[in-house]
Amino acid sequence: MTSGDRPAEQSISDGALYFLAALCGLATGVLGAAFHLVVDTLVHWPSWLVARLGSGTLTIVAAAGIAAIALVASFLLTRRIAPEAAGSGVQEIEGAMEGLRDVRWRRVLPVKFVGGVLALSSGLVAGREGPTIHMGASIAQAVSERMKLTEAELRGLLAAGAAAGLAAAFNAPLAAILFVIEETRKQFRYTLRSYTAVIIASTASAIGMELVGGTAPQLKLDNAEMPLSLLPAFVVLGIFLGGLGLVFNRTLLFLLDWVATTFRKVPFVPALVVGAAIGALAIVLPQAVGGGELLIPGLVTGNLSIQILLLLCLLRFVGVMLSYPVGVPGGIFAPLLTLATTVGLIAAALLQMAVPLPPLAGAAFVIAAMGGLFSASIRAPLVGVVLAAELTGGYALILPLIVTCVTANAVAQALGSRPLYELLLERTLRLAGKTPPPPVTTGVPTPVGMDDQRGA
């Protein structure tokens, strides 16, 4: 039973709501850290296998079998117990904040955790942020039901839990706060208490992460301020990323529908085939599999040739396109950031052939590309700027980041691209036989009663 199904309820005080937000955030941070620790421990199984069997054909076959079994197990667990736990949880939370989806936390929490561990540790090209966002919102749902909160308070706490989940994924609380405000601008009620609850939950989540051990991926990159003369290059980079964001979104939606239609009678086959492929690649070319969080720093400092970067770019793109439709828990952020890393390095290498670049220019283009591709696909340029800067420590590159993100977002909009999670929510509702909400209009959201909105 959701809050909307219960009889009239008393509204809780601001202090009580803030306490609940802190509780949700802390619990999400601890659970997220545990999730990362388990995944980070198990994801090294290919190295363990190579150490015992060598790197020959037998090892490749064994790795293919292990990954296929893990991915099929994750798929069956998800499909039979909590189908809504498949993929990213962002669209589910947006739907819940609109009253169009239910967060069934009792089944989502265990499936998202166990299924996510199986999928991500197998080497699937997916991110940890999808599971942690959905788990954070599920914790908020559980607390809301326990405390019998009003519908408005439930939705505000769901937003806080989702923000806590993103903060737990990357240890980036500021980007998490802005993500809820910018990405869920259609669903999020801009009141002082809901806004404060999101801040508190994100901060508490980061604290919970640190208490357990701070297991978020370390993506800090050495970088330096770029001269103004390079800004036109970042504009060109943004234009390309705007087009790539459109291709990314449309390809992903096409393959989701194609896989669902083609394998309707044998829905486990994609998990079996993709699992075998990523298992083999984990031995032959490990840079092509996994979410990519641990891969990014090595790519930036690896001084790879353009040919190798182009190959990795293609493999990462194909990898996420084949991984996401499988139907297991996994996010999109990390694969997007890794794909953007290869694009940024390629752009810097091509420019280096024409003009000399200052030191650390490669890292600058990588950081700008991260924010730009995120902005083009998710259509949240402010979050793109802050997320890229917060993850990498690229605060000296705010100006190139803004130029790239705004350009990418504008180009994507001009090409008719829509936010990825909006498209995913529409697809989810369509499959559930519900009418999708109208598209989000552009513009600045209008705050709702910033002074006192306890019952709103």
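A salt bridge is a side-chain nitrogen of Lys or Arg within 4 Å of a carboxyl oxygen of Asp or Glu. Select Asp-14, Glu-153 and Arg-193 to start: salt bridges link these residues in a network. The model is predicted, so local features need pLDDT of at least 70 and side-chain atom pairs count only at pLDDT 80 or more, while totals for chains, interfaces and linings use all residues. Residues are numbered from 1 along each chain as its sequence is written, and side-chain values use heavy atoms, with hydrogens and water left out.

The structure holds 12 salt bridges. Next, select Glu-84 and Arg-107, whose side chains meet in a salt bridge of 2.9 Å, N to O. This pair links distant parts of the chain, 23 residues apart: Glu-84 is in the loop between helix H3 (57-81) and helix H4 (90-97), and Arg-107 is in helix H5 (residues 105-122). Helices here are DSSP runs of H or I, at least four residues, numbered from the N terminus.

Is Glu-84 buried or exposed? Glu-84 is buried, at 7% relative accessible area, and Arg-107 is partly exposed, at 29%. Buried means under 20% relative accessible area, exposed over 50%, and partly exposed in between (1.4 Å probe, protein chains only).

Move on to Arg-418 and Glu-426, a salt bridge of 2.2 Å, N to O. Arg-418 is partly exposed at 27%; Glu-426 is buried at 14%.

Finally, select Cys-313. The structure holds zero disulfides (pairs of cysteine sulfur atoms within 2.5 Å). The closest cysteine sulfur to that of Cys-313 is in Cys-405, 18 Å away, too far for a bond.

Definitions and conventions
Helices (H or I, at least four residues) and strands (E, at least two) are DSSP runs, numbered from the N terminus.
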